[in-house]
Amino acid sequence: MHDRDEPLELDPAQRPRLRSIGPGLVVAATGLGAGDLVATLIAGSLFGYSLLWAVVIGCIVRIALAEGTARWHLATGSTLFDGWRTIGRWTLYYFGFYCVVWAFVYGATAMSASALPLAALFPDVVDLKVWGVGCGVLGLLFVWFNRYAVVERVMTVLIGVMFLVVVVLAVRVVPDAGRAFAGLVPTVPDGEITRTLGVIGGVGGTITMAAYGYWVNAKGWRTPGWMRMMRLDNSMAYVATGVFTIAMIIVGAELLHATNITLEEGNNRGLLDVGEELERRFDVFTAKLFLVGFFATAFSSLVGVWHGVSLLFSDYVAHLRHGGSDTEEVARGVRERSVPFRGFLLWITFPPILLLFLDRPFGLIIAYGVLGSLFLPFLAATLLWLLNRPGVPARHRNGPLSNTMLVAALLLFVYLCTEQIRDLPW
């Protein structure tokens, strides 16, 4: 999202083309995990269509954050860590501590979420924990032996499956078009301002928002000439995200609103109840289709995090060692073959397996909750600082629209961060 007029002389390869989009789909598929399915189904079941407008606003906020991240990479020819380092070395220490703790808990969460639909599709084959370990190791092997181009193709297929399944389900439950359009008019249910803001802030992605600039570079887009292509890519990805999320709210409104199914925040097992309700109301095929979509959503998020956060971590280590990095190294796949990249892959896969067999330690839950809620305010604030500085070419600095959206994102995520920390089981 940018509001300056930017006439550019483009190489024919740099001209915006729909068939060239890719990094945006990867970041969108990564950000939409099983937790997002639960959250949007809950919103639909509790409030019907009244929060559809919040989904649209949420997508616009995410477009602004992702666009700002990629614009820094393309405009300056440097990575996000180069920018963070100019703010202060504390930013690197914060990211490193956050990333290591976050990955330990997220790894187990992603493996569990991917295992649930497989266990339901193939009952009595192996234990749920075995499915989880298998998904984690499969993600590791896939990312270890493939470069970004292959990751993008597979992620595109997975998001296509996700998109097709949820849209088919939304059509099957026969949405009320009149109430759906009415839901695009901003209204806040009585006493539900926090949940409403949570819907806005929960549309796709946390730390993976920062990975977007790296995926843009890995695609081979490294210069300002790719700016328009990046914006098309980013916008189309979040249009798809918006359609996906709206479809899930429709399913929640039409399928759960009139039933006794109650989903709990953070409990992915409730999605299996949705599959059972679909089988009761429609047929076995529809229930299985939902489980396939559930798996595509969860596993695409796992693969995206395994690749994107490992890419971030490898650049982080490069900065600690050498004090800088080069987007060309990302574009040539040097980072994906590095020891830090593969070391982080091992970290996010094998230590979290312990959490599949043990209850998560209380102190780790607290640390994960605090750090997780602090990342997006950190990203929004640092982008505001970096993209208004003289070090960015004038034509690519923030304009009034970009600054407004980033300030809105900052205020939103600070509020949600405060609420999340306050609700933790201290």
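Which side chains meet in a salt bridge at 2.9 Å, N to O? They are those of Glu67 and Arg71, where a salt bridge is taken as a side-chain nitrogen of Lys or Arg within 4 Å of a carboxyl oxygen of Asp or Glu.

Before I go further, some words on the basis of what I show. This is a predicted model, in which local features need pLDDT of at least 70 and side-chain atom pairs count only at pLDDT 80 or more, while totals for chains, interfaces and linings use all residues. Residues are numbered from 1 along each chain as its sequence is written, and side-chain values use heavy atoms, with hydrogens and water left out.

Let me stay with the salt bridges, of which a search of the whole structure finds seven. Glu67 and Arg71 lie four residues apart in helix 3, residues 52-76, and so are separated by about one helical turn; helices here are DSSP runs of H or I with at least four residues, strands are runs of E with at least two, and both are numbered from the N terminus. In general, an α-helix has 3.6 residues a turn, so residues three or four places apart point the same way. Glu67 counts as buried, at 0% relative accessibility, and Arg71 is likewise buried at 0%; buried means under 20% relative accessible area, exposed means over 50%, and partly exposed is in between, with a 1.4 Å probe and protein chains only.

Next, the packing of helices. The axes of helix 5, residues 90-121, and helix 13 come within 9 Å and cross at roughly 160°, the axes being lines fitted to C-alpha atoms, for helices over the stretch in contact, with angles running from 0 to 180 degrees between N-to-C directions. Helix 5 and helix 13 are therefore roughly antiparallel to each other, a label for angles over 145 degrees, while those under 35 are roughly parallel, 65 to 115 roughly perpendicular, and the rest oblique. By class, the contact of helix 5 with helix 13 has 28 nonpolar, five polar and one charged residues; Ala, Val, Leu, Ile, Met, Phe, Trp, Tyr, Cys and Pro count as nonpolar, Asp, Glu, Lys and Arg as charged, and the others, Gly among them, as polar.

Lys288, in helix 13, is partly exposed at 34% relative accessibility, and the C-alpha atoms of Lys288 and Leu121 are separated by 6.9 Å although the two are 167 residues apart along the chain. Ser301, also placed in helix 13, is buried at 4%; leaving aside neighbours within four places in sequence, Ser301 is in contact, meaning heavy atoms within 4.5 Å, with Ala29, Thr30, Leu32, Gly33 and Tyr106. Ser310 of helix 13 is buried at 0%, and, not counting residues up to four places away in sequence, Ser310 touches Val305, Phe341, Phe344 and Leu345. On helix 5 we have Val105, which is buried at 2% and has its C-alpha atom 7.7 Å from that of Leu355, 250 residues apart along the chain.

I will end with helix 10, residues 208-218. How many of the 11 residues of helix 10 are buried? The count is 11 of the 11, so helix 10 is largely enclosed by the rest of the structure; among these buried residues are Tyr212, Tyr214 and Trp215. Helix 10 is followed by Gly220, whose phi is positive, near 105°.
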